[in-house]
Amino acid sequence: MNETVKEHSWIPLIVVALASFIIALDATFMNVSISQVVVDLHTDVSTIQSIMSFYTLITAAFMLLSAKLQDIVGKKKLFLIGAALYGLGTFTAAISSSALMLFIGWSVIEGIAGALMLPATISIISGTYSGEKRTVALAIVGVMGAVAAAIGPLFGGVMTTFLSWRYGFGCELLIVFIILIMRNRIPDFTPTESRSDLDITGSIISFIGLVLLVLGILSLSKDFNNSIIIIVAGLIALAIFAYFEIRRKRGGKVPLLDMDLFKDRNLRVGTLILLMSYLSMGGALFAVSLYLQSVLQLNAFNTGLTTLPMTIGLLIFAIIAPSLAGKLSHKVIIAIGCIMAIVGCLMLSNQFRLDTSIMTLVPGLFVLGAGLGFIMALCTDIALVNIPKESQNNASGVNSTGQSLGESMGTAIIGIILILGVMGGISNAVDVHAPDHSGDEQFQLEVANYFQKVGNIDNLKDNSTVVDIVNIIVQSTMAFVMQVTAILMGIVFLMTLRLQNRKINKQ
């Protein structure tokens with residue numbers, strides 16, 4: 001590899017960061033475009049939601065196989081194959097004339113392409129930079145994904161409101177062209193294994209396990225009992241996969257995933273921190289966006305603008321984090337980020353009502369984003385700090401899988417929390433504001449129906465009792481969501497204490 005490129009050029013970072021950006025953007029920008037897509041493709045909401053879910057599912061399912069293919073094909077070559085496939089997928093999605101065509105282009109082709117690129121982005125950075133440059137580069141790549149996920153609703157709102165959702169895919173295609181044009185600026189990496197080393201059986205078992213796990217997570221809010229069964233089946237399959245990989249390595253064969261990597265505490269804990277951070281961000285963003293659109297009746301564009309302070313906070317503090325890492329340890333900075341995120345959640349917990357002003361949400365969203373920026377900027381770097389070069393590809397796959405699972409789990413888990421909050425809040429609210437109707441199931445059903453239509457608040461003005469009840473349900477439910485998010489960040493803080501406390505090497 002060219003040492004000049006390694007030590008002085010940021011262009012490889014720019015190229016792979018662009019890939020990280022579009023992969024994360026793809027998972028969120030269509031959330032606000034569903035109704036328009038339904039009309040354009042003559043389909044229904046559940047079909048489009050399924051297509052969106054399958055994108056996440058396919059990306060996560062192929063992640064571990066992709067990480068191993070880096071050793072066989074070469075990380076740069078695999079990254080570029082993924083980029084080319086991604087371009088084909090975005091083009092197909094942009095010109096889709098049916099839901100099936102959108103599924104093939106977006107869910108299947110882009111899902112596989114994203115899985116090929118995402119682990120490679122981390123391992124290319126780890127192999128290209130060292131010391132302080134490596135910390136900065138990994139921070140930028142990680143935060144590009146988080147920022148893209150956060151601004152997805154705003155981007156989708158602009159595209160849908162002023163142009164068309166098809167232009168969103170068109171913008172991604174343009175970025176793919178830039179990546180391919182700049183491909184020669186990425187250093188070459190020699191493959192370290194041959195095709196005969198590929199673990200086909202392990203690939204199949206891991207694929208089944210990850211598909212079941214993510215499918216169960218995605219369907220949690222729709223069918224809880226069956227989802228738990230599917231998740232357990234997925235975990236059993238992954239346990240079988242781990243046992244098979246251990247036996248394969250003991251037999252002198254190359255495993256798909258070297259389970260000895262999990263002996264490294266920083267990789268285990270750092271990946272879990274990344275997973276829970278993405279879960280918290282995705283879940284909080286989903287809940288706030290739902291509140292803004294359903295309760296405050298904001299359109300997609302204004303919803304994106306309102307959540308922008310969270311993105312700005314995340315970006316600013318993620319940029320600051322690597323420079324602070326030269327003075328403080330990663331562990332300390334991540335712990336500070338956890339505390340800031342908890343404070344942000346608590347600031348937001350009492351701000352959600354029927355008459356909330358948008359400006360009252362800004363401070364809490366900014367502080368929450370700032371805390372997440374500290375965490376996400378450094379957790380990948382500290383997770384990989386002890387991993388030897390020959391195992392970086394495998395470790396990057398583990399890290400990327402953690403990120404994908406976190407993104408998948410956020411919306412599903414917060415969705416359940418919202419449902420539980422609403423159902424639990426109705427009885428308490430009726431007891432407080434309409435004690436004469438305590439235990440009256442018919443009245444509570446009417447309240448639930450009103451609540452489902454709470455966006456059309458004019459319909460409630462004739463019944464002040466129902467307005468009061470709905471208002472307290474909104475407050476208690478959103479407070480519950482923010483408190484759960486704060487608890488998750490508290491768990492992340494405790495996990496941070498398990499990290500090895502190291503400062504970066506500046507050489």
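Which residues in helix 9 are buried? They're Trp 165, Gly 168, Phe 169, Glu 172, Leu 173, Ile 175, Val 176 and Ile 179. By "buried" I mean under 20% relative accessible area, with exposed being over 50% and partly exposed in between, using a 1.4 Å probe and protein chains only.

Quick housekeeping. This is a predicted model, where local features need pLDDT of at least 70 and side-chain atom pairs count only at pLDDT 80 or more, while totals for chains, interfaces and linings use all residues. Residues are numbered from 1 along each chain as its sequence is written, and side-chain values use heavy atoms, leaving out hydrogens and water.

Back to helix 9. Helices here are DSSP runs of H or I with at least four residues, numbered from the N terminus. This one covers residues 165-181, so 17 residues by the count given for it, and it reaches 25 Å from first C-alpha to last, close to the expected 24 Å. That expected span is 1.5 Å times one less than the number of residues.

Now look down the axis of helix 9: the buried residues fall within an arc of 160°, so they line one face. The arc is taken from the directions from the helix axis to the C-beta atoms. Why does spacing matter for a face? An α-helix has 3.6 residues a turn, so residues three or four places apart point the same way. On the face turned away from the buried side, you'll find Leu 174 and Ile 181, both exposed.

Next, salt bridges, meaning a side-chain nitrogen of Lys or Arg within 4 Å of a carboxyl oxygen of Asp or Glu. The whole structure has 2 of them. In one, Lys 249 pairs with Asp 260, and the closest N and O atoms are 2.7 Å apart. That pair links distant parts of the chain: Lys 249 sits in helix 11, Asp 260 in the loop between helix 11 and helix 12, 11 residues apart. Lys 249 is partly exposed at 34%, Asp 260 is partly exposed at 36%, and Lys 263 is exposed at 64%.

Last up, cysteines. How many disulfides does the structure hold? The count is 0, where a disulfide is a pair of cysteine sulfur atoms within 2.5 Å. Take Cys 379: its nearest cysteine sulfur belongs to Cys 338, 9.7 Å away. Cys 379 is buried, at 0% relative accessibility, while Cys 171 is partly exposed, at 33%.

Methods:
Helix = DSSP H or I, 4+ residues; strand = E, 2+ residues; numbered from the N terminus.
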